[in-house]
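Let's learn to read a structure together, one feature at a time. Have the picture open as we talk.

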Amino acid sequence: MTEDPLQPLLACRSAPSPAFREALKSRTARVLVYRRRLRRLAWAGSCAACLLLGACAVLAVQAIDWGQPAQHTKLTPPDVVPVPQPAVAAKAPTVAPERHVFDRPAPRRAERYLEAGNYFVDEAHDYASALRCYEQALAGGDASALEITPDDNWLVMALKIDQQRKEH
Amino acid sequence: VSRNLAENAAMPPSDRSSYERALRSAVLAGDERAWQTLYDDAFEGLFAYVAWRCGGMRDDAEEIVQETWLIAVRRIRAFDPEQASFLTWLRGIAANLLRQRFRRARPRAALPLDVAADDGERRREQAEVIAHTLAALPERYEAVLRAKYLDEQTVDEIAAEWGETPKAIESLLTRARQAFREICPTNFHEETS
């Protein structure tokens with residue numbers, strides 16, 4: 001078996017001194033403690049910086065003149081205006097006034113037709129019946145009946161104007 | 001928590017990894033005792049490695065070991081127990097420092113070195129030559145020489161650990177020795193061969 005020429009060179013041994021070992025252990029532990037303190041300090045610094053920034057932000061917001069505070073309009077339900085409901089016409093027989101007309105003597109019929117028409121316009125809001133009554137009143141009357149008077153309502157006036165145009 | 005190096009080395013890799021991961025987390029949280037445990041576990045192994053790489057130069061070895069530990073304590077966050085053991089990580093740091101140190105300054109001219117000489121100056125020169133030569137070797141050659149001469153493993157043990165055949169390891173050792181001789185100053189291998 002050939003002798004390994006590298007054996008005496010590469011098989012060297014060197015033991016560390018206990019003092020070196022302990023000194024290095026203390027030194028590395030100190031580094032560890034130092035770094036731990038540094039980390040805590042950095043963390044505390046970050047917290048302080050955040051608090052400071054927050055306080056500055058609050059002060060800055062308070063320093064700004066925001067003018068009049070915004071009017072907080074209180075939302076209230078709008079006043080309900082009662083809508084006048086059209087009075088429901090009493091379901092009185094709408095032809096009754098016209099029937100009464102026939103009970104009257106002929107010279108008074110025009111007047112009764114007018115009254116009946118007025119009733120249909122003012123009370124019953126039945127304009128078709130009113131129109132029919134007014135037409136009867138004007139047809140049964142003389143020429144003077146076509147003259148517009150202050151007592152005529154809009155429907156009578158319109159009919160009179162129409163009749164006058166037809167005659168002319 | 002404290003276990004010695006032998007226990008640590010004998011641990012299965014998964015246990016070793018868990019153990020060192022727990023210690024690393026504790027150290028990162030600032031636990032001094034966890035650091036001392038890691039330190040005690042790895043100190044002997046690291047010193048032996050650095051001293052071997054320094055050719056037995058005690059002063060240089062202490063300097064490199066000190067520098068390695070100071071780097072380790074500052075960069076413990078970079079240590080990944082899943083990748084390698086703490087000792088292997090430390091050896092990596094030390095290997096970089098050794099390479100920087102011994103590749104930067106070439107050894108003085110080849111001197112007639114006598115291995116058996118008691119003379120302190122000659123021993124120093126011989127150690128320097130060994131350190132420079134190991135620093136200049138490819139990593140795999142350095143690793144196989146370390147396994148053979150520092151860890152005193154047999155060829156079969158190295159083969160089993162590396163997942164190679166004994167023949168391949170024997171061949172690697174032969175090439176590593178050859179490379180060592182070639183890098184060494186001429187007078188040195190004339191004296192030693």
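What follows is a short chat about helix packing and salt bridges.

A: Before you ask, this is a predicted model, where local features need pLDDT of at least 70, side-chain atom pairs count only at pLDDT 80 or more, and totals for chains, interfaces and linings use all residues. Residues are numbered from 1 along each chain as its sequence is written, chains are lettered from A and ligands numbered from 1 in the order in which they are written, and side-chain values use heavy atoms, leaving out hydrogens and water.

Q: At what angle do H2(A) and helix H4 of chain B pack?

A: Two packed helices are described by the angle between their axes and the distance between the axes. Here H2(A) and H4(B), residues 58-74, pack at about 25°, with axes 9 Å apart. That makes H2(A) roughly parallel to H4(B) (angles under 35 degrees count as such; axes are lines fitted to C-alpha atoms, for helices over the stretch in contact, and angles run from 0 to 180 degrees between N-to-C directions). Helices are DSSP runs (H or I) of at least four residues, numbered from the N terminus.

Q: Which side chain meets A:Arg21 in a salt bridge?

A: Side chains of opposite charge can pair when their charged atoms come close. A:Arg21 meets B:Glu44 at 2.7 Å, N to O (a salt bridge is a side-chain nitrogen of Lys or Arg within 4 Å of a carboxyl oxygen of Asp or Glu). A:Arg21 lies in helix H2 of chain A and B:Glu44 in helix H3 of chain B, so the pair joins two chains.

Methods. Angles under 35 degrees count as roughly parallel, over 145 as roughly antiparallel, 65 to 115 as roughly perpendicular and the rest as oblique.
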